[in-house]
Amino acid sequence: TMMHFKSTGLVGKGKWGKILQKKINTVSKLCFTANSKSKYLSKLDKIDWIFIATPDSTHYGIVSKCIEKKVNIFCEKPLTKTYSQSLKLFQKAKKNNVLLYVDEVQSFLNKKIILKKYNYIKRQKQGSGDPKDLLFRFAYHDFYFLYEKLKRYKISNIKIIDIKDCLEFKINFGNKTFFFHYNLNSKKKIHSFNSRNLITRKDVLSKMIKNVLNEKVDFKNNKNKSLFANKLIDKIIKKI
């Protein structure tokens, strides 16, 4: 049971926005849904949290305006497509005493991972997208997932292996190597770490949203993970 049924709003009516809407509805009082061009800013003073599920390129402007309105924010990942922009938003949120949380549903899987000398992360599904899109759709989540294990290591090398048929790259953290294989030409859905299946049937999305609304998450850790993922993707994009 919730101590206080939070009032929420949602900006973004696309495929993911509709999925979020169902979940938000069950754990809060959803006051409105809007698209990025509607007049949602005038409604922000009536809610506790705003959820943002608009296209990635719009996040910076929307989040920035919502911070100025002093409403707490849940933003779909990536927060922005660069480390510097994301850092600016986190700094602005802190200055305005606003809670800012970036989707890290991967971290709620509660799957234990054991690092080896050579580690292999594999994702497959049917879809489309250029290599840079895959970094934000897939790698961003995987870097969140690996953050606790990797944060103390320095990157010694990043190598792009394939960007034609799939996105495949290698990263060396200290004395450990990570191979990432992302393929969108498969009917079979796969997400694995060293052959361990990371796909779950549990409703981790609702769990995350509920914990965020009740402030039972580590906001500082979420910020660190998000910036870690952004910084790493910045470096990989330079190699593509």
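**Close-up views of a predicted model**

View 1. Strands (E, at least two residues) and helices (H or I, at least four) are DSSP runs numbered from the N terminus, and two strands pair if DSSP finds at least two bridges between them. The model is predicted: local features need pLDDT of at least 70, side-chain atom pairs count only at pLDDT 80 or more, and totals for chains, interfaces and linings use all residues. Residues are numbered from 1 along each chain as its sequence is written, and side-chain values use heavy atoms, with hydrogens and water left out. Not counting residues up to four places away in sequence, Phe-169 touches Leu-135, Ala-139, Phe-143, Lys-159, Ile-160, Ile-161, Phe-178, Phe-179, Phe-180, Tyr-182 and Ile-236; contact means heavy atoms within 4.5 Å.

**View 2. The hairpins on either side of strand 8.** Strand 8 (167-173) and strand 9 pair in the antiparallel sense over seven bridges. Two residues lie between strand 8 and strand 9 in their hairpin, and Gly-174 in the turn has a positive phi of about 55°. Strand 7 and strand 8 also pair in the antiparallel sense, over six bridges, and four residues separate them in a hairpin. Asp-162 has Glu-168 in strand 8 as its bridge partner. Six of the seven residues of strand 8 are buried, so the strand is mostly covered; buried means under 20% relative accessible area, exposed over 50%, and partly exposed in between (1.4 Å probe, protein chains only).

View 3. Six strands form an open sheet in the order 7-8-9-6-10-11, with mixed pairing. Strand 7 (155-162) and strand 11 (196-197) are the edge strands, and each pairs on one side only. Strand 6 (residues 118-126) and strand 9 (residues 176-183) pair in the parallel sense over seven bridges, with Tyr-118 opposite Thr-177 in strand 9. Helix 4 lies across strand 6, strand 8, strand 9 and strand 10 (185-193), and runs at about 145° to strand 9. Helix 6 (residues 219-239) packs on the sheet and touches strand 7 and strand 8, its direction making about 55° with that of strand 7. Axes are lines fitted to C-alpha atoms, for helices over the stretch in contact, and angles run from 0 to 180 degrees between N-to-C directions.

View 4. Strand 3 (residues 49-52) and strand 4 (residues 72-75) pair in the parallel sense over four bridges, and Ile-50 stands opposite Ile-73 in strand 4.

**View 5. The largest nonpolar core.** The largest nonpolar core has 75 residues, and those with the most contacts inside it are Ile-50, Ile-73, Phe-143 and Phe-169. Helix 4 (residues 131-150) gives the largest share of this core, twelve residues. A nonpolar core is a set of buried Ala, Val, Leu, Ile, Met, Phe, Trp, Tyr and Cys residues joined through side-chain atoms within 4.5 Å.

**View 6. Lys-13 in its loop.** Lys-13 sits in the loop between strand 1 (7-11) and helix 1 (15-27). The relative accessible area of Lys-13 is 46%, which makes this residue partly exposed. Beyond its neighbours within four places in sequence, Lys-13 is in contact with Lys-18, Thr-33, Ala-34 and Asn-35. Lys-13 and Ala-34 are 21 residues apart in sequence, and their C-alpha atoms are 6.8 Å apart in space.

**View 7. Cysteines without a disulfide.** The count of disulfides is zero, a disulfide being a pair of cysteine sulfur atoms within 2.5 Å. The closest cysteine sulfur to that of Cys-31 belongs to Cys-66 and is 14 Å away, too far for a bond. Cys-31 is partly exposed at a relative accessible area of 39%, while Cys-166 counts as buried at 12% relative accessibility.
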